[in-house]
Amino acid sequence: MTDYADGTVVEGVTYHQHDVVIVGAGGAGMRAAIEAGPKARTAVISKLYPTRSHTGAAQGGMAAALANVEEDNWEWHTFDTVKGGDYLVDQDAAEILAKEAIDAVYDLENMGLPFNRTPEGKIDQRRFGGHTRDHGKAPVRRACYAADRTGHMILQTLYQNCVKHGINFFNEYYVLDLIMVEVDGQKRPSGVVAYELATGNLHVFQGKAVIFATGGFGKIFKTTSNAHTLTGDGVGIIWRKGLPLEDMEFFQFHPTGLAGLGILLSEAARGEGAILRNSEGERFMERYAPTIKDLAPRDIVARCIATEVREGRGAGPNKDYVYLDITHLSPAVIDAKLPDITEFARTYLGVEPYTEPVPILPTAHYAMGGIPTNVAAEVLSDNTTVVPGLYAAGECACVSVHGSNRLGTNSLLDINVFGKRAGNNAVEYAATAEFIPLPDDPTKPIRELVEMLRNSNGTERMSTMRKELQQSMDTNAQVYRTEKSLIEVTKVIADLRERYKNVMVQDKGKRFNTDLLEAIELGFLLDLAEVLVYSAMYRKESRGGHFREDFPKRDDENYMVHTMAYLSGDAHSADAGDHIKLDTKPVVVTRYQPMERKY
Amino acid sequence: MSTATLDSPPAPADAPIPTFTVTMMVRRFNPEVDEEPRWQDFDVELYPTDRVLDALHKIKWEQDGSLTFRRSCAHGVCGSDAMRINGRNRLACKTLMKDLDITKPIYVEAIKGLPLEKDLVVDMEPFFDSYREVQPFLIASGKPEKERIQSASDRARFDDTTKCILCAACTSSCPVFWTDGQYFGPAAIVNAHRFIFDSRDEASSVRLDILNDKEGVWRCRTTFNCSEACPRGIQVTQAIAEVKQAIMFGKR
């Protein structure tokens with residue numbers, strides 16, 4: 001056991017000490033930093049420059065029942081969130097989300113976020129999928145927005161305020177390990193190990209409290225709205241430490257990605273009146289969701305689109321997409337409210353949305369599952385036990401406020417509400433906690449991993465393996481799943497995990513070695529895909545984003561529970577059943593009993 | 001090195017989309033080996049709708065894993081992959097092959113004016129230092145109970161400059177910045193503009209003082225490179241002109 005003063009360099013490894021160590025500089029990480037930075041010695045470690053984080057790609061808005069433009073209240077928002085998540089939402093958490101939404105939006109406005117405004121100069125609000133007046137009676141205007149770049153504005157505003165507070169960032173440092181030490185019979189975080197991209201040097205960040213805010217892992221799929229860098233490193237690290245992952249089978253496929261590319265076209269388009277049409281020009285959502293039509297929640301709309309294509313009503317030469325039609329909106333409205341997404345259609349598909357419908361298809365978008373936490377953002381090591389000093393917030397976490405399907409605009413909300421909670425609670429914890437002494441040679445496992453990869457004579461191209469994984473996940477574990485398809489992708493993943501041992505890294509240098517890091521990222525992708533598919537096999541029902549064609553009904557009797565997956569046994573064994581153990585966790589039900597989900 | 005050729009004549013709509021071979025000339029620099037940067041050519045098979053970023057990925061993933069560049073979102077919102085493409089600053093993920101002359105090699109190199117680290121990667125710290133110096137955050141007294149009220153027209157006044165993604169395409173296209181690294185550069189001024197013209201902000205005079213410095217707005221020679229380079233379509237030169245006006249005559 002050793003401790004080093006901040007800045008000590010021992011055998012090429014730099015040791016740092018901070019009260020609060022935040023991993024990830026997207027919305028959740030920076031929101032936490034704004035709370036923690038002024039009150040405790042805080043470090044934010046990010047594999048990207050903070051303004052590159054994928055929060056910036058979010059478009060449509062952030063939900064809060066401000067009632068600025070029509071009657072609304074947080075209880076309706078809570079209900080919509082619970083129903084939208086197909087009743088797998090923990091209702092105490094959803095209530096906190098909806099209540100604290102209101103201050104979360106005012107916080108951002110007060111920090112400078114340039115929201116669109118009503119004629120009276122208040123924050124304007126618009127409609128979004130699944131958000132309704134009085135428990136489903138009609139769509140309600142609840143999404144606070146800044147054109148169709150709300151995420152960009154949130155990311156910029158949070159970064160600006162981090163600059164204001166002088167937050168200490170370590171940019172382009174890849175956290176690759178969480179150091180856990182046994183204290184009084186329980187494992188606790190002592191710090192993290194990071195790889196500095198510019199130099200290839202390792203750093204140890206010892207922290208009294210550690211917050212994971214590392215985002216999602218959409219790159220396990222081929223068609224995705226997610227950035228290249230969303231490889232689930234944080235979630236993967238937690239998994240490898242033997243901590244559980246919750247509800248991993250629930251992945252959201254956003255209905256409207258640009259066909260063939262997966263680039264997101266915001267649900268805000270439908271909030272502003274866009275219509276989905278099949279090859280016959282039919283507004284097909286009228287058949288599936290007669291009350292709220294195109295503004296049904298994402299899981300439902302994505303399945304309807306996939307069904308239209310399967311049943312031969314897809315458009316285009318290969319009949320493999322449907323259309324998002326905004327041609328009936330005036331160019332002035334489009335320019336004011338949807339400027340970015342219309343530019344994406346022009347740039348990447350050469351389609352002019354003023355006059356032509358835009359080809360779209362569902363795209364892998366958001367992980368509902370992840371690192372289990374309680375409502376204080378504390379990470380859990382089983383259904384109830386808190387890991388003292390370890391926090392998670394944002395997409396990497398599973399509180400669970402999204403259940404089996406997240407409503408649009410609830411993720412920008414989630415990062416702000418639970419990012420803030422994580423920051424505050426970490427500060428409070430660090431105020432009385434001591435540093436947990438580091439184990440001897442804390443960087444050894446990562447040093448060995450890095451050296452093994454750098455010196456490997458492997459022959460398996462990671463791009464080939466990644467493509468095989470992504471293709472198989474799209475084919476077998478996307479909007480529609482069956483036992484057969486899941487077995488198929490299980491075989492592919494097992495084969496890839498074996499071949500990964502022989503992965504090729506061509507760049508042998510130390511400086512800016514992105515080749516090496518892509519290899520490490522692929523390892524995380526393979527681990528997380530395996531957990532997702534294994535959890536999906538277990539859940540023999542259809543709920544929210546998880547649709548089993550062989551079990552098309554929701555089964556509350558057997559599956560009204562969260563899935564908890566644990567790594568146990570030999571992590572490298574071929575058969576997932578030999579190293580993944582599944583358990584269940586009860587759903588917190590307060591006000592709302594499960595009902596059939598109709599829109 | 002080969003010149004580009006179409007593999008097949010134009011085909012009907014339902015036939016496979018034809019690919020073509022393009023020569024990518026990439027300016028390489030490995031700090032652990034090279035004294036000076038060098039040009040290296042790669043032949044890559046691409047679709048017309050592929051982006052320059054796709055071409056770079058094909059090289060990295062299929063030919064030479066050591067080729068190094070930054071990228072993340074791949075659709076023009078994160079600002080990671082600004083580079084010089086055929087002599088112009090562009091985002092690699094927003095530049096489609098069909099919009100380039102593929103009969104000639106495509107030249108790709110790092111943005112200029114910032115220290116070269118490796119291949120297409122430059123040191124971004126001086127760029128962010130300038131950004132931080134203009135106090136790019138809302139300064140307003142008091143804590144309102146709800147939101148601050150702002151009219152739609154006051155909100156529209158600074159809309160253009162809120163679009164900045166800090167990619168550095170503008171600053172690193174500026175000839176003044178190339179020769180004088182102390183100049184704040186267009187991106188920092190754009191981000192100052194975003195707050196100077198925000199009706200909620202109370203510190204515009206502080207920022208105007210900062211930009212009235214000898215390394216401030218007066219170094220701008222209105223060459224318009226920055227406006228042409230901006231992947232977000234921000235009227236950068238106009239924003240700089242508005243800041244100059246505000247220094248001389250006050251905000252309007």
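Guide: A salt bridge is here a side-chain nitrogen of Lys or Arg within 4 Å of a carboxyl oxygen of Asp or Glu. The model is a predicted one. By that criterion, A:Arg346 and A:Glu352 form a salt bridge, their closest N and O atoms being 2.8 Å apart. A:Arg346 is partly exposed, at a relative accessible area of 29%, and A:Glu352 is likewise partly exposed, at 23%.

The contact between the chains comes next. It takes 59 residues from chain A and 66 residues from chain B. The area buried between chain A and chain B is about 5,300 Å², and carbon and sulfur atoms give 47% of that area. A:Arg52, A:His228 and A:Tyr348 supply 14% of the area that chain A buries against chain B, more than any other three residues.

Seven salt bridges are counted between chain A and chain B. A:Glu343 forms a salt bridge with B:Lys94, with the closest N and O atoms 2.5 Å apart. On the side of chain A that touches chain B, the elements giving two or more residues are α3 (91-111), α4 (150-164), α10 (339-349), α13 (462-476) and α15 (514-538) of chain A. Of these, α4(A) gives the most, with seven residues. By class, that side of chain A has 20 nonpolar, 20 polar and 19 charged residues.

The salt bridges of the whole structure give a setting for these counts. A search over all chains finds 77 salt bridges. In chain B, the side chains of B:Arg28 and B:Asp119 meet in a salt bridge, at 3.1 Å from N to O. B:Arg28 lies in strand β2 (residues 20-28) of chain B, and B:Asp119 in the loop between β7 (116-118) and β8 (121-122) of chain B, so this pair ties together parts that are 91 residues apart in sequence. Both B:Arg28 and B:Asp119 are buried.

A further pair in chain B is B:Glu215 and B:Arg219, a salt bridge whose closest N and O atoms are 3.1 Å apart. B:Glu215 is buried, because its relative accessible area is 13% and the limit for buried is under 20%. B:Arg219, at 23% relative accessibility, counts as partly exposed. In chain A, salt bridges that share partners join several residues into one network, among them A:Asp86, A:Glu249, A:Asp299, A:Arg303 and A:Arg539. A:Glu541, A:Arg543, A:Arg554, A:Asp556 and A:Arg597 also belong to this network.

Helix α1 (residues 27-36) is mostly covered, with 10 of its 10 residues buried; the buried residues include A:Arg31 and A:Glu35. A:Gly312 is found in the loop between α8 (298-310) and β14 (322-325) of chain A, and is partly exposed, with a relative accessible area of 34%. Leaving aside residues up to four places away in sequence, A:Gly312 touches A:Ser279 and A:Lys319. The C-alpha atoms of A:Gly312 and A:Ser266, which are 46 residues apart along the chain, are separated by 25 Å.

Note on methods: Residues numbered from 1 in each chain as written. Chains lettered and ligands numbered in written order. Predicted model: local features only at pLDDT ≥ 70, side-chain atom pairs only at ≥ 80, totals over all residues. Heavy atoms only, no water. Helix = DSSP H or I, 4+ residues; strand = E, 2+ residues; numbered from the N terminus. Buried < 20%, exposed > 50% of the residue type's maximum accessible area, 1.4 Å probe, protein only. Contact = heavy atoms within 4.5 Å. Buried area = accessible area lost by both parts, 1.4 Å probe. Nonpolar A, V, L, I, M, F, W, Y, C, P; charged D, E, K, R; others polar.
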